[in-house]
Amino acid sequence: MKQFFLDGAPVPFEDGDTLMAAATRAGHQVPHLCWHPQLAPSGACRLCTVQVDGRMTAACTTRASEGLEVHNHTPELTALRRQITQMLFVEGNHYCPGCEKSGNCELQSTAYALGMADMRHDLLMPQRPVDASHPDLWLDHNRCILCKLCLRASRELDGKDVFAIGGYGAHTQLLVNAPDGRLGASALQADDHAAHICPVGALLPKRRGFAIPIGQRHCDTTPPPPLPQDADHGPT
Amino acid sequence: MVPPEPSPSPAGRPLRVATVSLAGCFGCHMSLLDIDERLFTLAGHVQLDRSPLTDIKRCGPCDVGLIEGGLCNAENVEVLRAFRAQCTLLVAVGACAINGGLPALRNGLDVGTLMTEVYANNRPGLAPGSAIPNDPELPLPLARVHPLHEVVHIDHFLPGCPPSAEVIWDFLHAVVQGHRPQADPALIRYD
């Protein structure tokens, strides 16, 4: 079987595998927000950036090849991933103290795992209206990280086409494919894959917030993995 | 960026610490008090300067300034700048100081509309003729709530709403010992 090396550990792969797919299957953890094993890769979040032959590249879109030396756990990558996470935080309104996804949010656990204590940049404070038109679901665009998981899940798993990405640059945002552009008039249903795949608190079920006691949420029960040795924990 | 080394407190001189709440809820100060009997240990090493817990009116030269709350009005900005001028190590304590916190949810609304809604507009419960307070004694609200680091340089951040007593103790303990404070990733919470 062919193999590449992740931080020195051999990882077997099949033809066509990405670094991310093979590493995940072998039980390794590469940080990511926009990748999902059932969906085509997107390369949007950049958190799975690894070093291959001295170059930074996204593990989710890079094909595995024989004997490749891949670094996933270095102080440099931790610093880079922390900066990416800070950019995601300042881009939206991530006020965790009032978010019902807090404790079970993948953006938040990513930041915890990177030892992120501050925001570093000025906040953009977007003011996009909340869409509460759907009977069972609601959408806060100000928490959306544009991972496109809902878009891809709707298209690839549900056979629907509920979401799209529109706008350019800093004005890019998630669009709903409906005559009025709102969830309530779309084909989205509460049991769709797309309705459950949001990694943050953007697309949420109605009437089910704050259901898990503090102490039993993901972040309470799963300590973050250790940071690479001489990583700077300080305010970077 | 590497945070500056706090000046280690020389033997015999207690660490001078000032604290203040800007657009805060005083919850971070309560979390500081949650270190409980360790406050007595701390009292042996720390001298409080201006703080809601003392009667000192102006912040003097300090080793550490602990600031909770973001910036929501003109007086907040003035006090923050005074703290920055006096404190070697300025610390943003809690979610509000770090990203504006829940008070920043007002940023989606026009501040004039907000004031009118609360103080005027014939709102039920208000006496007839009630109007937005306009005495110059009162600090004007800013158009938006801001985190501290958008106005002055911040040396250290203690996230949480509020940060746990453990996080605050770890920080103060490290500074009293003359070490560079370093966040324990396992204790970081934003909520």
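Predicted model: local features only at pLDDT ≥ 70, side-chain atom pairs only at ≥ 80, totals over all residues.
Local features need pLDDT of at least 70, side-chain atom pairs count only at pLDDT 80 or more, and totals for chains, interfaces and linings use all residues. Residues are numbered from 1 along each chain as its sequence is written, chains are lettered from A in the order in which they are written, and side-chain values use heavy atoms, with hydrogens and water left out.

In chain A, 5 strands make an open sheet with mixed pairing, in the order β2-β1-β5-β3-β4. Strands here are DSSP runs of E with at least two residues, and helices are runs of H or I with at least four, numbered from the N terminus; two strands pair if DSSP finds at least two bridges between them. At the edges are β2 (9–13) and β4 (55–58) of chain A, each pairing on one side only. Within the sheet, β1 (residues 2–6) and β5 (residues 69–71) of chain A run parallel and are joined by 2 bridges. A:Phe5 stands opposite A:Glu69 in β5(A).

Elsewhere in chain A, β7 (residues 163–166) and β8 (residues 173–176) pair in the antiparallel sense over 4 bridges. They form a hairpin with 6 residues between them, and A:Gly167 in the turn has a positive phi of about 85 degrees.

The largest nonpolar core has 70 residues. Such a core is a set of buried (under 20% relative accessible area, 1.4 Å probe, protein chains only) Ala, Val, Leu, Ile, Met, Phe, Trp, Tyr and Cys residues joined through side-chain atoms within 4.5 Å. A:Phe163, A:Leu188, A:Leu203, B:Phe83 and B:Leu148 touch the most other members. A second, separate core of 21 residues includes B:Leu15 and B:Trp169.

Definitions and conventions
Buried < 20%, exposed > 50% of the residue type's maximum accessible area, 1.4 Å probe, protein only.
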